[in-house]
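Have the model open in your viewer, with side chains ready to show. We will go from one selection to the next and look at what is there.

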Amino acid sequence: THILMQPSGSGVPTRLASLAESRGWEVLVLPTLSLEDVRTSAGTLAERFGDQQDFGDWQSSWDEAAQPLEGIADERPLVLLSTDPPAALGPGSVHHEMVALLGASPLPAEGSSYQRLSLEDVISLAPTSFVLLAPGEDSDDIDELLGPLTRLEIPAVRDRRVVVVRDPMALIPSTSLVSTLSELREALAAMASDG
């Protein structure tokens with residue numbers, strides 16, 4: 001009866017729109033690129049199909065996990081999706097926004113939500129730490145996790161300041177991000193307390 005889809009540059013495919021009209025389906029286009037998109041889309045789904053109480057509970061959990069942390073205002077973490085080659089999540093991505101919500105100044109500060117970087121780019125950014133999104137990763141070997149980045153003369157490498165986000169749902173822009181945010185919050189708080 002309903003088709004849920006993320007928006008695309010070309011909009012709802014013509015064939016899908018035609019089928020939906022002829023069969024009485026409703027097509028709901030739900031953006032999920034930014035945190036506000038996720039919140040709005042989740043609210044739309046709760047209103048249309050779910051329990052408003054569940055949505056309210058999720059929103060309360062989210063608001064609690066999103067409280068800014070003390071002691072990380074000077075932190076400039078580079079939010080990485082991969083290290084070899086380096087790929088960063090920039091402004092407009094949910095992960096970049098989550099780091100900023102917690103009180104740090106995530107890198108890169110400009111550009112698109114997904115950015116391929118060279119090692120020279122990483123040196124130029126000079127991050128104070130790395131936030132590496134590695135769902136399901138079980139290694140604790142920082143050198144293995146960072147790969148070629150370990151050779152760089154930058155504060156994050158010199159001080160071995162790395163947060164590894166292992167939540168298996170960390171890359172899914174949905175309400176499951178509350179678990180990712182909680183893990184990120186705990187790791188950044190631990191890093192801040194270690195100095």
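A salt bridge here is a side-chain nitrogen of Lys or Arg within 4 Å of a carboxyl oxygen of Asp or Glu. Keep in mind throughout that this is a predicted model.

**Stop 1: the salt bridges**

How many salt bridges does a search of the whole structure find? The search gives six, and we will visit some of them.

Select Glu26 and Arg48 to begin. Their closest N and O atoms are 2.5 Å apart, and the two residues form a salt bridge. Glu26 belongs to strand β2 (residues 26-29) and Arg48 to helix α2, so this pair ties together parts that are 22 residues apart in sequence. Glu26 is partly exposed, at 29% relative accessibility, and Arg48 is also partly exposed, with a relative accessible area of 36%.

Next, select Asp140 and Arg166. Their side chains meet in a salt bridge, at 3.0 Å from N to O. Because Asp140 sits in the loop between β6 and α6 (142-146) and Arg166 in the loop between β7 and α8, the pair ties together parts 26 residues apart in sequence.

Now pick Asp143 and Arg160, whose side chains form a salt bridge at 3.3 Å, N to O. Asp143 is in helix α6 and Arg160 in the loop between α7 (155-158) and β7, so look for parts of the chain 17 residues apart. Asp143 counts as partly exposed at 40% relative accessibility, and Arg160 is partly exposed with a relative accessible area of 47%.

**Stop 2: along α3**

Select α3, a helix of 14 residues. From its first C-alpha to its last it reaches 20 Å, close to the 20 Å expected at 1.5 Å a residue.

Which residues of α3 are buried? Color Phe55, Trp58, Trp62 and Ala65, the buried ones. They cover an arc of only 90 degrees around the axis, which puts them on the same side of α3. An α-helix has 3.6 residues a turn, so residues three or four places apart point the same way. Turn to the other side of α3 and you will find Gln53 and Glu64 exposed. The buried residues of α3 pack against α2, α4 and α8.

**Stop 3: the largest nonpolar core**

Stay with Trp62 and show its surroundings. Leaving out residues up to four places away in sequence, Trp62 touches Leu35, Arg39, Met98, Leu101, Leu177, Val178 and Leu181.

Now widen the view to the largest nonpolar core, which has 29 residues. Trp62, Leu184 and Leu188 touch the most other members. Elements giving two or more residues to this core include α2 (35-48), α3 (52-65), α4 (94-101) and α8 (177-194). Its largest share, six residues, comes from α8. A second, separate core has 19 residues, among them Leu107, Val122, Ala134 and Ile142.

**Stop 4: Thr128**

Finally, select Thr128, in the loop between α5 (119-125) and β6. Thr128 counts as buried, at 15% relative accessibility. What does its side chain reach? The Thr128 side chain makes a polar contact with the side chain of Glu75 at 2.6 Å, and reaches the backbone nitrogen of Arg76 at 2.7 Å. Setting aside neighbours within four places in sequence, the contacts of Thr128 also include Asp74, Pro77, Pro155, Ala156 and Arg161.

Terms used
Residues numbered from 1 in each chain as written. Predicted model: local features only at pLDDT ≥ 70, side-chain atom pairs only at ≥ 80, totals over all residues. Heavy atoms only, no water. Core = buried A, V, L, I, M, F, W, Y, C linked by side-chain atoms within 4.5 Å. Buried < 20%, exposed > 50% of the residue type's maximum accessible area, 1.4 Å probe, protein only. Helix = DSSP H or I, 4+ residues; strand = E, 2+ residues; numbered from the N terminus. Contact = heavy atoms within 4.5 Å. Expected span 1.5 Å × (residues − 1). Arc of directions from axis to C-beta. Polar contact = N/O pair within 3.5 Å; in protein donor to acceptor, adjacent residues only side chain to side chain.
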